[in-house]
Amino acid sequence: MKRIGQTIKLKPEGEVAYVKYHAATWPGVLAKIKECNIQHYSIWKRGLTLFAYMEYVGDDFNTDMGKMAAHEETQKWWSVVKPLMQPFDDIQNDEFWSNMEEIFYLD
């Protein structure tokens, strides 16, 4: 199992819509997330900063993320929610959400 933490900013004008959309996330998007071996996925908000946590339980993360990215309903979802967010200036390569380094874990 791989734990993943990510962060991104919300655009001020997108905050209310982002929260509203996630209160009613499309069922097909939720099903695809689970199908791609993501569990315990949550998004937290403080002001305009978002923090996402998820656990990946599959065997091939890149293949599963490719399946998610190729999913038509997920692509439509992203076209709605991505414009509401603003990546941090220091994103790496093809990131949108900034990946975080885990420095502590207690089970």
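## Packing of helices α3 and α4

In this predicted model, helices α3 and α4 are roughly perpendicular to each other, because their angle falls within the range of 65 to 115 degrees. The angle between them is about 75°, and their axes lie 5 Å apart. Helix α3 spans residues 61-70, while helix α4 covers residues 72-81.

On the side of α3, the contact is formed by Met68, Ala69 and Ala70. Helix α4 contributes Glu72, Thr74, Gln75 and Trp78. Sorted by class, the residues of this contact comprise four nonpolar, two polar and one charged.

## Packing of helices α1 and α4

Two packed helices are described by the angle between their axes and the distance between the axes. For helix α1, which consists of residues 15-23, and helix α4, the axes cross at roughly 155° and come within 10 Å. An angle over 145 degrees counts as roughly antiparallel, and α1 therefore has that relation to α4.

The residues of α1 that take part are Tyr18, Tyr21 and His22. They meet Trp77, Val80 and Val81 of α4. This contact of α1 with α4 has five nonpolar residues and one polar residue, with no charged residues.

## Overall architecture

The protein chain contains four helices and five strands. Along the sequence, these elements follow the pattern β-α-α-β-β-α-α-β-β.

Taken along the principal axes, the C-alpha atoms fill a box of roughly 40 × 35 × 30 Å. Of the 107 residues, 29% count as buried. The protein chain exposes about 7400 Å², of which carbon and sulfur atoms supply 53%.

Most residues other than glycine have a negative phi. Asn37 is not a glycine, yet it has a positive phi of about 70°. Asn37 is placed in the loop between α2 (27-35) and β2 (38-46). With a relative accessible area of 25%, Asn37 is partly exposed, because this value lies between the limits of 20% and 50%.

His40 also has a positive phi, near 50°, and is likewise a residue other than glycine. His40 lies in strand β2, whereas Asn37 belongs to the loop that comes between α2 and β2. The relative accessible area of His40 is 55%, and His40 is therefore exposed, the cut-off being over 50%.

Met100 is found in the segment after β5, a strand made of residues 98-99. At 44% relative accessibility, Met100 counts as partly exposed.

When its neighbours within four places in sequence are left aside, Met100 is in contact with Gly5, Gln6, Thr7 and Phe51. Glu55 is 45 residues from Met100 in sequence, and the C-alpha atoms of Met100 and Glu55 are 13 Å apart in space.

Definitions and conventions: Residues numbered from 1 in each chain as written. Predicted model: local features only at pLDDT ≥ 70, side-chain atom pairs only at ≥ 80, totals over all residues. Heavy atoms only, no water. Axes fitted to C-alpha atoms, helices over the stretch in contact; angles between N-to-C directions. Helix = DSSP H or I, 4+ residues; strand = E, 2+ residues; numbered from the N terminus. Parallel < 35°, antiparallel > 145°, perpendicular 65-115°, else oblique. Contact = heavy atoms within 4.5 Å. Nonpolar A, V, L, I, M, F, W, Y, C, P; charged D, E, K, R; others polar. Buried < 20%, exposed > 50% of the residue type's maximum accessible area, 1.4 Å probe, protein only. Areas by Shrake-Rupley, 256 points an atom, 1.4 Å probe, with all protein chains shown as cover.
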